[in-house]
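The exercises below ask you to work through a predicted model step by step. Please look at the structure first, and then compare your reasoning with each solution.

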Amino acid sequence: MRKRTLSAALAAITALTMMTSATVWAEDSAESDLAYVQDKGTLVVGITDFEPMDYKDEDGEWIGFDADLAKAFGEKLGVEVEFIEIDWDNKILELDAKSIDCVWNGMTLTDEVTSSMECSNAYCNNAQVVVVKADAAEEYQTVESIADLSFAVEAGSAGEAEIEALGYDYTPVTAQSDALMEVAAGTSDAAVIDSLMAAAMVGEGTGYEDLTYTVSLNSEEYGVGFRKGSDLAEELNTFFVESYEDGTMQEIAETYGVQAALIEQN
């Protein structure tokens, strides 16, 4: 009876050891994000509707400077690229849960972002600018002059951080495009959005001809975020250098009018 009990115990210990070894092996194998993405055959990119970086064409396909660059990166990796709209305020949670593989959407390299994600090198310059009705623009040319306005800003964005730091009144919305809608509808006096988006979406010849942008609140740089420790960040840095040197990055940038904002990659 004791021999059978001892044998059963040894068998249980052996099985547990094998399970532990298998778990460790699986964890070690999963350490490479590059291998994970290539194995499943897709790079899932978290975005918001943000022209000229990520937005849909008439056929419902995602296009834009970031979208096209992401597609080119996916081609280099040998995988399909899938775009998923996310709540920008939850971008880090989505990334860590593996709902997405990267955040590639004109993302400002803030301290919060760089401490929570493995980030690529900066590839685009940007700023946070104030958008107001064009007929009132002359009144709002300084940071002090906008103090009493009500603002709409994207939750979790660099724009929200700037307005919060100033202590001005604001309402968080889901996306920067929603912030523009608030100003156009008159439910907010102003919005704070990325300068690249403002240049593409407000003023003459756009869908918001009665809006314009005035005060620049800061200067910043865009980067792409991956899971902390991900080897995909370095892979993307290499791609950035190659695509800048062969002219691919500049060609895509010119398609969407953002070539002046490019940061040289070397």
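**Exercise 1.** Determine how the axes of helix H9 and helix H10 are oriented relative to each other, and which residues make the contact.

*Solution.* Begin with the axes: those of helix H9 (residues 232-245) and helix H10 (residues 248-255) come within 4 Å and cross at roughly 80°. Angles of 65 to 115 degrees count as roughly perpendicular, and H9 and H10 are therefore roughly perpendicular to each other. Next, find the residues that touch: H9 contributes Phe240, Ser243 and Tyr244, while H10 contributes Thr248, Met249 and Gln250.

**Exercise 2.** Classify the aromatic pair formed by Phe239 and Phe240, and decide whether each residue is buried or exposed.

*Solution.* The two ring centres lie 6.4 Å apart with 40° between the planes, and the pair is tilted. For burial, the cut-off is under 20% relative accessible area; Phe239, at 7%, counts as buried, and Phe240, at 0%, is buried as well. Ring pairs also link Phe239 and Phe240 into a cluster with Phe65, Phe73, Trp104, Tyr123 and Tyr222.

**Exercise 3.** State how many aromatic pairs the model contains, and describe the one formed by Phe151 and Tyr168.

*Solution.* The count comes to nine aromatic pairs. Phe151 and Tyr168 form a stacked one, with 6.2 Å centre to centre and 15° between the planes. This pair links distant parts of the chain, 17 residues apart, since Phe151 lies in strand E9 (residues 151-154) and Tyr168 in the loop between helix H6 (158-166) and strand E10 (170-173). Both Phe151 and Tyr168 are buried.

Technical notes: Residues are numbered from 1 along each chain as its sequence is written. This is a predicted model: local features need pLDDT of at least 70, side-chain atom pairs count only at pLDDT 80 or more; totals for chains, interfaces and linings use all residues. Side-chain values use heavy atoms; hydrogens and water are left out. Rings of Phe, Tyr and Trp (its six-membered ring) pair if their centres lie within 6.5 Å; planes under 30 degrees apart count as stacked, over 60 as edge-to-face and the rest as tilted. Helices (H or I, at least four residues) and strands (E, at least two) are DSSP runs, numbered from the N terminus. Buried means under 20% relative accessible area, exposed over 50%, partly exposed in between (1.4 Å probe, protein chains only). Axes are lines fitted to C-alpha atoms, for helices over the stretch in contact, and angles run from 0 to 180 degrees between N-to-C directions. Angles under 35 degrees count as roughly parallel, over 145 as roughly antiparallel, 65 to 115 as roughly perpendicular and the rest as oblique. Contact means heavy atoms within 4.5 Å.
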